[in-house]
Amino acid sequence: MSDSEQELARDLGFLEAYTIGLGTMIGAGIFVLPSIAAEQAGPASMVSFFAGGLVSLLAALSLSELATGMPRAGGSYYYVNRALGPFFGSIVGWGMWAGLTFASAFYMIGFGQYLLPGLGQYVGFLSGWGQIGITVAALVMAAVLTGVNYYGVKETGALQNVIVLTLVGLIVAFLGLGILSGPTIQDFNPNGWPAVAATIGTVYVTFIGFEVIATSAEEIKNPSRNLPLAMIAAVVTPTLMYVGVMFVSTGTLSIDALANSQIPVADVATEFMGSIGALAMIVGAVLATISSANASILSAARVNFAMGRDRILINWLNEVHNRFRTPYRAISATGVVTLVLIAIGVGIGTLAEVASFMYLVTYALVHIAVVVLRRANPEAYDPAFRIPNVLYPIVPIVGFIACLAILIQMSFIVQAIGTVIVVFGILWYAVYARDRALSESLVGEAIAPEPTTMTDGDGHYRVVVPVANPKTERDLLRMAAASAHAHEDDSAELIAVNVIEVPQQTSLSQDLTFEEERVERQQELLDSARDIASDLDIGLRTRAIVGRNTGSVILDVIEEESADHVFLGWQGTRSRREHVLGSTIDPVIGRAPCDATLVKLGPEGGRGEGDIMVLAGEGPHAPVAARRGAEFVATADDESTLTLFNVQNPEEDAELTPEERGEAVIDELADRAGIEYMAYERRIEVAENIEQAILDAASEYDTICVGATRSGAVSQAVFGSLPETVGEQTDRTVVMARGPQESAMSITEAIVRRLEV
């Protein structure tokens, strides 16, 4: 990696990626579309949903290969732009953005229908507002969601997970009780198969959610497994649910009743779940539409960013807010267009179909991109997941033809609106992007492909050192180097890590690109680390990472590097609220499967050198602290000293005096730590208040090393109350250490880990 290259943290596992896609797909579609689909194709509309799922499954396979081969923000836009060039990139970029804004408006109209006519049956003041009330409710909620993403509210991600799980439970209950009620289908296909084919285009808006997974490909752990599995699961799950919902709905209500309903799923639920069940479905629909629109607004902003990165779109639109760290202009533009679509009264069916049209155009070009990239095989294209040979090129060919077939069946007005958007993309390219765009088409290379090569690496004893403060960086690296030097036979090296943390609403690449000051500061910090490592005669690599959560990023680095030791700095203060030592420190110390050392730096000149005291005890991590002290003395000047300090209670037993007990503890510790060869002093204090005796003695030394007194972060303290008290109350350099530990996993953790392997 070049010195200036940043990495993006991979902090999304299978469940998170799957939930992202499912949260968009199980939205307004499953609650609003049954009435529209039933009116167009009757009970046979369940075939339309199934066919839409198959077409999406083909697209998911192609997207999975592309996303693992080029995991960059922007999803389909980026792949098409890279493979087919900026001409098609402009068409797809504007098409995806328009599709997401139309989809957002569709979701918001669905929200208004379930909020007013739906909840109005139970809450008096919400009833009787009519279509104007629905429009106003949609406008208000669209504005609220735009504001939420503008301000970068972090809790939206966690809220979305809760909403998705709630919706899945409601739909499963609806299907179970509905099937048990014995639905009967009368005339299965009253309008003929052409109507069924045309309905695929109407309902396809429900299947664009897995595209959101591709836009987050840079952030997914183990993408060769998790990304295709998440995308396929995010297609298959709602497909089966939609087919089931249409079967129950068309078998419970007449087609006319269903077609005329603004809250179809709730009206169906009333028949076999009663008013309570209907209310639950209404509340679910309200939550679902909010969740879907929120995800679409976020995705639209990320597409804008990717276009700006390739200079197809003006960078002004992608500026990141100084305070909120969000792409506020792109979010605002998406929100404004969504509000306009709602305000001018575009029909809910038309909104759904235009969104479907734009994504069908996109996926048709995605299938072509797979073939071009397979043929061209550029150096940067190395997919961890490939469409199996038995299915290639069948998948992209059949997928391309299927997308075109659905587009041809769609209504004239939708085709006209879609064509206008496509033409706009072409004109934008001709007028603005032609002379500015960075990428070029790979079609030529696809015609005459050339082979590429790959390289491998080797292993080391690795010490991960997160750095963030230039004032303490040198001492932290010097002390970490002392530990690493003890393993010189194992080609020890330091790995200096700095993390730029960004909110959920901002693409990781986006913050990296448009936050030049933060990126420059990051590079200065890591450049300084390299200079320090050269002075210390220790090997060092740097990793500059942009991520959502610094603690999680550091844990991922430890896992990726198979690190043997993590060395962190600490300010010396504790909190009694959410975290003990800090939001970054707590998860790293609690979960890192390697040696972990936490350092609070004292006055200069006494940081890991001078007179060093090790708190000698019988705990499992006391030897680790003793080794840290010995490592510091071994690399410091000749005047440094090592003292093993033990405090004993004055109570005497029948065999040993307190002093004799203390000497036995110290001798045993030296043996357990493997430092018996070193020159060290014994110091034993006898006191009733052990903690105060330690604090009094600590003031006489430059550095105090203490081992963790607890395993894992199962209590309020992370290292234990005594080590943390010493660190907090003494003004000296304090080193808290623990050895490798593997805490027992809960059943939930075990399931998640198994899914993310």
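1. Start with the charged cluster: a network of salt bridges links Arg462, Glu493, Arg541, Arg543, Glu560 and Glu561. Bear in mind that this is a predicted model. Over the whole model, the salt-bridge count is 16.

2. Who are the neighbours of β2? Strand β3 (residues 493–501) pairs with β2 in the parallel sense over five bridges, with valine 463 opposite leucine 494. Strand β5 (residues 565–569) also pairs with β2 in the parallel sense, over two bridges, and there valine 464 stands opposite valine 566.

3. Have a look at glutamate 609 and arginine 478, which form a salt bridge with their closest N and O atoms 3.8 Å apart. Glutamate 609 sits in the loop between β6 (595–600) and β7 (611–615), while arginine 478 is in helix α18 (residues 470–485), so the pair ties together parts 131 residues apart in sequence. Glutamate 609 is partly exposed, at 22% relative accessible area.

4. Are the two partners buried or exposed? Arginine 628 is buried because its relative accessibility is 1%, under the 20% cut-off, and glutamate 631, at 9%, counts as buried too.

5. Another salt bridge joins the side chains of arginine 732 and aspartate 731, at 3.6 Å from N to O. Arginine 732 is partly exposed at 23% relative accessibility, whereas aspartate 731 is exposed at 53%.

6. On to the surface patches. Glu618, Glu668, Asp671 and Glu676 form a negative one. Of these, aspartate 671 belongs to helix α24 (residues 658–673) and is exposed, with a relative accessible area of 55%.

7. There is also a nonpolar surface patch, formed by Ile132, Val136, Val140 and Val144, with about 360 Å² of accessible area together. Isoleucine 132 is part of helix α6 (residues 130–151). With a relative accessible area of 68%, isoleucine 132 is exposed.

Notes. Residues numbered from 1 in each chain as written. Predicted model: local features only at pLDDT ≥ 70, side-chain atom pairs only at ≥ 80, totals over all residues. Heavy atoms only, no water. Patch = residues over 30% accessible without salt bridge, like charges linked within 9 Å, V, L, I, M, F, W, Y side chains within 5 Å. Areas by Shrake-Rupley, 256 points an atom, 1.4 Å probe, with all protein chains shown as cover. Salt bridge = Lys/Arg side-chain N within 4 Å of Asp/Glu carboxyl O. Lys, Arg positive; Asp, Glu negative; His and termini not counted. Charge placed at Lys NZ, Arg CZ, Asp CG, Glu CD. Helix = DSSP H or I, 4+ residues; strand = E, 2+ residues; numbered from the N terminus. Buried < 20%, exposed > 50% of the residue type's maximum accessible area, 1.4 Å probe, protein only. Pairing = 2+ DSSP bridges.
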